[in-house]
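Here is a short report on a complex for a reader meeting it for the first time. Please look over the sequence and the structure before reading on.

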Amino acid sequence: MSDRTGSGVRFDGVTVDYDGHTVLDALDLTVEPGEVMALLGPSGSGKTTALRAVAGFVRPAAGRVHVGGRDVTGLPPHRRGIGMVVQSYALFPHLRVADNVAFGLRARRTPKAETAARTAEALELTGMGAYARRHPRELSGGQQQRVAIARALAIRPDVLLLDEPLSALDAGLRSGMLAELARLHRELPHMSMLYVTHDQVEALTLADRIAVMDRARLRDCGTPQELYRSPRTEFTASFVGNANLLPVTVTAGGVSFAGRTLKVPAGQAAPGAAATLCVRPHLVGLGPGPNTLRGTLAEVQWRGATHRLTVHVGGHRMLADLRELREPPPLGAEVELHFAPDDAVLIGAIGTEAGHGRDHR
Amino acid sequence: MLVHTARGRRTAWAVFALLFTPLFALPLLVVLAASFATNWSGALPSGPTAAHYATAVRGEPLQALATSLVTAATASLLALVVGAWAALAADALGRRGRRVLDALFVLPVAVPSVAVGLAVLVAYSQPPFLLNGTRWIVILAHTVLVTAFAHQSVGAALRRLDPAYEQAAASLGARPLHVLRRVKLPLLLPSLNAAAGLCFALSMGELSATMMLYPPDWLPLPVLVFTATDRGSLFTGSALAVVLMAATLLVLLALSRLRTRAAHR
């Protein structure tokens, strides 16, 4: 709990309803001071609603929101002291870049000299110092996004909220801005960031921890490595990275899938229990090896650096991402796939849930 | 609708000209022609003269023009303040409240303006609201009549305004009043300007309610056009009407210049 410290965000059973429809269901989550937390989920998962509850644009039907140890649930947005950057940038079109960035400082009646200094500093930090006299419409999308970030940083917030900040940019700019955001966070290590996205790459790249959301609820929360390497739910496995999810039955010392016994670490799973085996496509190899599975090649996609093979194994679809093949096998051919026992994760077996439970708080 | 063939385009222009010329252009041209005439017994007016204009821009007509301009400017300003305020307040009310307020503001337009004039006359002829016999009763009636348009166009612009601006400003620590002054009003400026133009033009041409109300010392130009025509001085009336049109158009032109300047800022 971060009640004493100066920053951080805590959701305490936050529920939000729209017209009798629950869009956020009893969210419990803590963002530590200085931490980057990504809220990852498909559209309609409640992640943006959670962010807006912190900003003060939606009123929770139940629960409390704490910022920096202070209960802000009843406070209007302008008294929360939170920086926010949205997908549409929302730069004020009638104000020049410098006036946009100075807006928050002027609204707080900051002395003139300090306003000018901090505006310049925020513009420098985002590399937009040379554009101070321009109007927003004279800037490209990426530049507008930088100004929006500078505007949010100028008020020196303890918490920065980012709502899909990169989804309006094209792919090249996006990866550049991701690196920029990571650099900003290194330069402002005491600022917590709550980053809403539906893009797993953004979440994996930037976040200290990822909160996975689906259908108004928090499904999973952990470091990117935890979520990627040992997902706790099928949803996490398929949303954080790609995954082959194979229905298996736990046996002594392994699992059985499509009539074959596979050697995987079964943990505390009881033999006979039904479970899901998660194998990442890029960890699947072609040809014989440990845990060999035989199937029919149904589809080949060439993706430049890799080939993606879709193979039907005992009525199930299995994906394999392989380093570019000189000569991919013909469609309909009988192929062998394999994976190392340590590369597979058993999900949802009875008896594993309790032992695997991660602390959300 | 796009017309793709050259013949189709020519036909469309011909139909447009056929409808536009007699309905909109000709009557105005006739008034313009009549304002320079001394006699119109044949197909065309005769006896060209500028004498009507000589009388139209001095003495009582000039006074009436000033009265009209002051009335229209004051009424538009009041309508803009009241209409914009109500639209901004309605924005916070939610859908039901907004609909009720919209209906209330449209009422003076839905009711015949003669009835509005009569209502204002009856309502303000008794103390404590004794406005009858003063210029204020005319200005009040004009304000009531044009506020609907100010309210409607500001309301429509507000609904188009992206709430993200207001929210961004609030998240930066701006109080609601600061958001209104520094973000919402500047963004609404073009529609406020357009609403001002509309209100001004409507007020400049208002006759029916004014006829019920005007005191002897506050005689707007449309009333003078009417009385001149009613006496049979058609050509003098035409000249007055042209002066009225020109003055209104000049003000609208100035307003639209301001608007484009604001948009290009």
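This is a predicted model: local features need pLDDT of at least 70, side-chain atom pairs count only at pLDDT 80 or more; totals for chains, interfaces and linings use all residues.

The predictor gives the complex an ipTM of 0.80 and a pTM of 0.79. Chain B has a mean pLDDT of 87. In that chain, 98% of the residues reach 70 or more. Among the elements of chain B, H7(B) has the highest mean pLDDT, 93. The lowest, 77, belongs to helix H2 (residues 51–56) of chain B.

An unreviewed UniProt entry places the feature "domain: ABC transmembrane type-1" at residues 65–255 of chain B. That span is 83% helix and 0% strand. Its end C-alpha atoms lie 19 Å apart.

Now the contact between the chains. Chain B brings 17 residues and chain A brings 18 residues. On the side of chain B that touches chain A, helix H7 (163–171) and helix H8 (176–205) of chain B each supply at least two residues. H7(B) gives the largest share, seven residues. By type, this side of chain B has ten nonpolar, four polar and three charged residues.

Glu164(A) counts as buried because 20 other C-beta atoms lie within 10 Å. Arg215(A) has 14 C-beta neighbours inside 10 Å, so Arg215(A) is partly exposed.

Notes: Residues are numbered from 1 along each chain as its sequence is written. Chains are lettered from A and ligands numbered from 1 in the order in which they are written. UniProt positions are given in the numbering used here, feature names are shortened, and annotations may be inferred rather than shown by experiment. Helices (H or I, at least four residues) and strands (E, at least two) are DSSP runs, numbered from the N terminus. Two residues are in contact if their C-beta atoms, placed from the backbone, lie within 7 Å. Ala, Val, Leu, Ile, Met, Phe, Trp, Tyr, Cys and Pro count as nonpolar, Asp, Glu, Lys and Arg as charged, and the others, Gly among them, as polar. pLDDT is the predictor's confidence in each residue, from 0 to 100. A residue is buried if 20 or more other C-beta atoms lie within 10 Å of its own, exposed if 12 or fewer, and partly exposed in between; C-beta atoms are placed from the backbone.
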